[in-house]
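Hello,

Here is the structure I promised to hand over. Please open it first, then read my notes below.

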Amino acid sequence: MPDDLERARARLAQARRVAALCGAGVSAESGVPTFRGPGGLWENHRPEDLATPQAFGRDPVLVWRWYQWRRELISRCQPNPAHLALAELERRLAEFTLITQNVDGLHSLAGSRAPLEIHGSLWRLRCLGCGDEREDRRLDLPDLPRCGACGGLLRPGVVWFGENLDHDLLERAWQAAEACQVMLVIGTSAVVQPAASLACTAKRAGAFVVEVNLEATPNTGQVDVSLLGRAGDILPLLLAPA
Ligand code: BV8
Ligand code: ZN
């Protein structure tokens with residue numbers, strides 16, 4: 001086993017407090033398109049131009065079409081070995097926090113019991129009228145779904161660019177980053193804030209930080225080990241016995 005992988009595996013095996021920061025690369029092998037990689041566009045729109053309150057205000061039908069397309073695609077996706085390895089890690093450790101930027105719900109499907117979905121979930125809908133938010137997995141939503149209680153317009157229960165993250169979720173993510181002995185930073189391009197800075201928070205607090213990615217990222221220079229490869233291949237190796 002190459003020594004970087006062995007170093008990371010050994011540190012993980014000794015750790016009692018672990019955090020994982022996940023990005024779209026964790027779901028890539030399940031067939032969920034990433035945001036910024038090849039094929040990251042949708043009908044010639046950039047995600048950053050669609051995932052904003054302004055875009056929704058300007059053209060809610062277009063934004064809903066994007067989310068309906070993603071919901072339909074993701075409904076046919078299964079968790080991959082990376083999701084399953086993270087769920088296994090949670091079962092093994094007394095203190096494990098899964099922080100995810102992904103809104104696809106695949107961590108829960110893989111058995112993770114309490115992922116911190118800091119960017120929300122596209123399976124949750126929130127009413128702009130009364131604020132009611134609930135899970136709704138229907139794939140046959142109308143172009144502009146309405147609230148059953150007040151008739152208000154529903155929006156996807158995700159955090160858009162320019163919107164604040166849920167304060168409690170973010171607080172729990174910061175605390176996990178500060179308390180962990182090992183942080184795994186998996187499949188994120190580390191450009192979206194404040195999520196990306198959780199990695200340097202962990203590093204500053206003394207954690208051993210392991211990056212798993214297909215390519216170098218702005219975080220690579222400050223992590224302890226950078227493992228280049230697919231998350232679905234590498235994570236099971238990290239959990240393997242020596
Ligand atoms: C905030 C939910 C305070 C929606 C997402 C100007 C005005 C306002 C804000 C800003 C501004 N300038 C900067 C900001 C901050 C902004 C930001 O960070 N912008 C970036 C683009 C510069 N952040 C925000 O707005 C956040 N809120 O700051 O609030 C505030 C409030 C008002 C004003 C100012 C500040 C909110 C950010 C949340 C946005 N919502 N998603 C939806 O999904 O529909 S973010 C979106 O990007 C997804 O959640 C995604 O997960 C996330 C991050 O992307 P990645 O996960 O990293 O995915 P990506 O495709 O980029 O990379 C994939 C990686 O995986 C690659 O590295 C690839 O190599 C790797 N990979 C691929 N395959 C594999 C793999 N690795 C391993 N194995 C594989 N098989
Ligand atoms: Zn309502």
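**Two helices in contact**

In this predicted model, the axes of helix α8 (residues 167-179) and helix α9 (residues 197-204) come within 7 Å and cross at roughly 35°. Helices here are DSSP runs of H or I with at least four residues, strands are runs of E with at least two, and both are numbered from the N terminus. Axes are lines fitted to C-alpha atoms, for helices over the stretch in contact, and angles run from 0 to 180 degrees between N-to-C directions.

Which residues make the contact? From α8 come A173, W174, A177 and E178. From α9 come S197, L198, T201 and A202. Contact means heavy atoms within 4.5 Å. Five of these residues are nonpolar, two are polar and one is charged. (Ala, Val, Leu, Ile, Met, Phe, Trp, Tyr, Cys and Pro count as nonpolar, Asp, Glu, Lys and Arg as charged, and the others, Gly among them, as polar.)

**The sheet**

Three strands form an open sheet in the order β5-β4-β6, with antiparallel pairing. Strands pair if DSSP finds at least two bridges between them. β5 and β6 stand at the edges with a single partner strand each, so one side of each has no neighbour in the sheet. On average, neighbouring strands are turned by 40° against each other, direction ignored. β4 and β6 pair over five bridges. L125 has P156 in β6 as its bridge partner. Helix α5 (residues 60-75) packs on the sheet and touches β4 and β6. The direction of α5 makes about 135° with that of β4.

**The zinc site**

C127, C130, C147 and C150 coordinate the zinc ion (ligand 2) through their SG atoms, at 2.2 to 2.3 Å. Donors are N, O and S atoms within 2.8 Å of the metal (3.2 Å for Na, K and Ca); water is not among the atoms, so sites may look incomplete. The site is tetrahedral, with angles of 96 to 118° among its four donor atoms. Four donors count as tetrahedral if all angles lie between 85 and 135 degrees.

C130 lies in the loop between β4 (120-127) and β5 (133-135), and C147 in the loop between β5 and β6 (154-158), so the pair ties together parts that are 17 residues apart in sequence. Buried or exposed? C147 is buried, at 8% relative accessibility. C130 is partly exposed, at 44%. (Buried means under 20% relative accessible area, exposed over 50%, partly exposed in between, with a 1.4 Å probe and protein chains only.)

**How to read this**

Residues are numbered from 1 along each chain as its sequence is written, chains are lettered from A and ligands numbered from 1 in the order written. Local features need pLDDT of at least 70, side-chain atom pairs count only at pLDDT 80 or more, and totals for chains, interfaces and linings use all residues, while side-chain values use heavy atoms, without hydrogens and water.

Best wishes

Definitions and conventions
Tetrahedral: all angles 85-135°; square planar, octahedral: opposite > 155°, others 65-115°.
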